[in-house]
Amino acid sequence: MAIQQTLSIIKPDAVKKNVIGEILTRFEKNGLSVIGSKLLFLSKEQAEKFYEIHKERPFYAELVAFMTSGPVLVSVLEGEEAVAKNREIMGATNPAEAAEGTIRKDFAESIDANAVHGSDSHENAINEILFFFKEDEIFSKLEV
């Protein structure tokens with residue numbers, strides 16, 4: 001098993017519900033460490049660029065609007081197979097299909113307002129982390 005880093009975003013709906021701590025606790029209790037984190041408002045330009053892969057999809061404009069509707073918490077998580085572990089903890093994109101005890105089952109309102117984002121591959125995790133974080137803003141447990 002490999003130690004990896006992955007990006008997590010606690011989306012505006014979950015921030016508004018004041019469940020940031022509960023979500024971060026779930027990551028930590030499942031072996032992931034928060035090694036970088038910041039609360040911020042995404043600009044329209046940032047959201048458009050971050051979700052550019054979905055630009056041609058019908059939900060793109062709504063996704064950008066949603067992600068700029070309030071603050072988000074972006075975090076770098078680290079641990080064994082962090083990408084897969086984070087995705088398991090988040091649950092299915094559609095909260096109606098998410099397993100019991102997952103973040104989306106417990107905190108998401110809909111497939112659109114689904115509480116969290118997580119990188120879907122190791123390669124995307126690297127790119128997504130670099131989108132939000134400078135090297136000196138990440139504090140790997142491996143370096144301590």
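Strands S1 and S3 pair over 8 bridges in the antiparallel sense, where pairing requires at least two DSSP bridges between two strands. Helices (H or I, at least four residues) and strands (E, at least two) are DSSP runs, numbered from the N terminus. The model is predicted, so local features need pLDDT of at least 70 and side-chain atom pairs count only at pLDDT 80 or more, while totals for chains, interfaces and linings use all residues. Residues are numbered from 1 along each chain as its sequence is written, and side-chain values use heavy atoms, leaving out hydrogens and water.

**The sheet**

- Ile10 stands opposite Leu73 in S3.
- S1 and S3 belong to an open sheet of 4 strands with antiparallel pairing, in the order S2-S3-S1-S4.
- Its edges are strand S2 (33–40) and strand S4 (116–118), each of which pairs on one side only.
- On average, neighbouring strands of this sheet are turned by 20° against each other, direction ignored; here axes are lines fitted to C-alpha atoms, for helices over the stretch in contact, and angles run from 0 to 180 degrees between N-to-C directions.
- S2 and S3 are joined in the antiparallel sense by 7 bridges, and Lys38 has Val74 in S3 as its bridge partner.
- S3 has 8 of its 9 residues buried, so the rest of the structure largely encloses it; buried means under 20% relative accessible area, exposed over 50%, and partly exposed in between (1.4 Å probe, protein chains only).

**Helices against the sheet**

- Helix H7 (residues 122–132) lies across S1, S2, S3 and S4, running at about 55° to S1.
- Helix H5 (residues 82–90) also packs on the sheet, touching S1, S3 (72–80) and S4, with its direction at about 35° to that of S1; contact means heavy atoms within 4.5 Å.

**A closer look at H5**

- The buried residues in H5 include Ala82, Val83, Asn86, Ile89 and Met90.
- Seen down the axis of H5, its buried residues fall within an arc of 130°, so they line one face of the helix; the arc is that of the directions from the helix axis to the C-beta atoms.
- As background, an α-helix has 3.6 residues a turn, so residues three or four places apart point the same way.
- The cover over the buried residues of H5 includes S1, helix H2 (20–29), S3, helix H6 (103–107), S4 and H7.
- Just after H5, Gly91 takes a positive phi of about 90°.
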